[in-house]
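Here are some exercises to work through with the model open beside you. Try each task before reading its solution.

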Amino acid sequence: MKIAVVGTGYVGLVTGTCFAETGNEVVCVDIDAAKVKRMQNGEVPIYEPDLDVLFERNHRQGRLKFTTDLKEAVDASDIIFLALPTPPGEDGSADLRYILGVAKDLSKLITKYTIVIDKSTVPVGTAEKVHAALAENLDESLFDVVSNPEFLREGVAVDDFLKPDRVVIGTDSQQAEDKLRRLYEPFVRSGNPIIFMDLRSAEMTKYAANSYLATRISFMNEIANLCEKAGADVDAVRRGMGSDSRIGKRFLFPGVGYGGSCFPKDVQALAHTAGQHDYSFRILNAVMDVNTKQRFRIADKIEAYFGDDLSNRTIALWGLAFKPNTDDIREAPALYTIDRLLEAGAKVRTFDPEATEHVRALYGDKLTYCADQYEALEGADALAIVTEWSVFRTPDFDKMKNLLSSPIIFDGRNLYDTARMQEAGFHYDSIGRQPVG
Ligand code: NAD
């Protein structure tokens, strides 16, 4: 099939590359000319495991092309995916200016039957707005609008795209349904479903899924905070709860709050949609409230230990990306931690395997950026762990003790066994477990 993908961020580039991998001809469009140039030269502009191999192969074999020219992409395709940003507006609603702007452009460029597919996360009713924007200049027989929300997770995006738990497609067109079934069949050969539904339900499904996951996180963070006060251990509680098949083991880890480009904005946008329908979605308000506080949990612990004035303190910080295996720092809990530490006067020495350059672009010389996790510890009064990169899981604790000026760890991801940390001679404070040492 001939496919255009408009927007080559984490979703668009993975989508385009994976569709090329199954033999389709794909043109990716972006307004960022520098980014397009890099991709034309064979460079992958984001860090996403396994993307480089697929990108290189499909680019070399001519199935994956890049352009800034929307017309060129429209002429070359009969399916167009919109993988554009939908950032939060000032009132919390999803900002549809990118989606509707491109829809308007498409209305002037489409000349043959084309399926326009919304892959961005957009509120209920957006497909109707895209339809209206296209219909301004196009006969309705020339297009169908489909909602196909994306569920990939950054860090495992390629794997998620190639082997999705499910594909959700909202459409009222049989022609679009048939074509998309064929497009997605190679990805669900193991039997996972392609679930067809109406447009509004598809749009709602994405927000419901993300908001439910965010709810689980905030719920577990509340349980963790209560465990600390009540003398329980959230790790034991998590295992005890998660063994119940109605609950399940996954996504029950407490931490320093959810971040990233999706959960915060999607929970906010769903709450906003509820408001537009005169419905107060009370759980979502609590989920956001808990998360706002939890993002400062590690900074709170540091201040509780050393006092509010950290002007004579140096804190080492492991992890900047909002989660492991990505270079994405959008709404990363690490940034909230850094802001609080800087505000309290601390010097901060950071290390992250992939995200350092993005943080440097934001903070410049306000932070020290280290090339290695141990270098970050040199002379620091304590280590704060904010992102659970695998490389932090079994470090050399003796070396850490020698480098830190005092053996103190604040762990926002519960990476280590508390009894072992006590034995190793650390003061170790984590989330939802009793501090030791
Ligand atoms: P992103 O910010 O990484 O990428 C968006 C891209 O669109 C950028 O490269 C930008 O230059 C480009 N762009 C902006 N305006 C354009 C225009 N007019 N024409 C062409 N290109 C344009 O965004 P993302 O993280 O890939 O997210 C895209 C959408 O997918 C959002 O709605 C998001 O909520 C949703 N989503 C994201 C994820 C995720 O993990 N990142 C997962 C599922 C769904």
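This is a predicted model: local features need pLDDT of at least 70, side-chain atom pairs count only at pLDDT 80 or more; totals for chains, interfaces and linings use all residues.

**Exercise 1.** Repeat the analysis for H9 and H11: at what angle do their axes cross, and which residues make the contact?

*Solution.* Helix H11 spans residues 263–276, and its axis comes within 9 Å of that of H9, with a crossing angle of roughly 115°. So H9 is roughly perpendicular to H11. The hand of this crossing is left-handed. On the H9 side, the contact uses Tyr207, Asn210, Ser211, Leu213 and Ala214; on the H11 side, Phe263, Asp266, Val267, Ala269 and Leu270. By class, the contact of H9 with H11 has seven nonpolar, two polar and one charged residues.

**Exercise 2.** Describe how H5 and H6 pack: what are the angle and the distance between their axes, and is the crossing left- or right-handed?

*Solution.* H5 packs against helix H6 (residues 126–135) at an angle of about 30°, and the axes are 8 Å apart. The crossing of H5 and H6 is right-handed. Ile99, Leu100, Ala103, Lys104, Leu106 and Ser107 of H5 meet Thr126, Lys129, Val130, Ala133 and Leu134 of H6. This contact of H5 with H6 contains seven nonpolar, two polar and two charged residues.

**Exercise 3.** Work out the strand order of the six-stranded open sheet, and say which strands lie at its edges.

*Solution.* Reading across the sheet, the order is S11-S10-S9-S12-S13-S14, with parallel pairing. At the edges are strand S11 (368–369) and strand S14 (427–429), each of which pairs on one side only. Now zoom in on one pair: strand S12 (residues 382–385) and strand S13 (residues 408–411) are joined in the parallel sense over three bridges. Within this pair, Ala384 has Phe410 of S13 as its bridge partner.

**Exercise 4.** Turn to the ligand: which residues come nearest, and how does its shell divide by class?

*Solution.* There are 26 residues around the ligand, and Gly7, Gly9, Val11, Ser120 and Thr121 come nearest. Two helices, H1 (10–21) and H5 (97–109), each supply at least two residues of the shell. Sorted by class, the shell around the ligand holds twelve nonpolar, nine polar and five charged residues. Notice that H5 links two exercises: H5 contributes to the ligand shell and also packs with H6.

Key: Residues are numbered from 1 along each chain as its sequence is written. A residue is near a molecule or strand if its C-beta atom, placed from the backbone, lies within 6 Å of it. Helices (H or I, at least four residues) and strands (E, at least two) are DSSP runs, numbered from the N terminus. Ala, Val, Leu, Ile, Met, Phe, Trp, Tyr, Cys and Pro count as nonpolar, Asp, Glu, Lys and Arg as charged, and the others, Gly among them, as polar. Two strands pair if DSSP finds at least two bridges between them. Axes are lines fitted to C-alpha atoms, for helices over the stretch in contact, and angles run from 0 to 180 degrees between N-to-C directions. Angles under 35 degrees count as roughly parallel, over 145 as roughly antiparallel, 65 to 115 as roughly perpendicular and the rest as oblique. A crossing is left-handed if the near helix is turned anticlockwise from the far one by less than a right angle, and right-handed if clockwise. Two residues are in contact if their C-beta atoms, placed from the backbone, lie within 7 Å.
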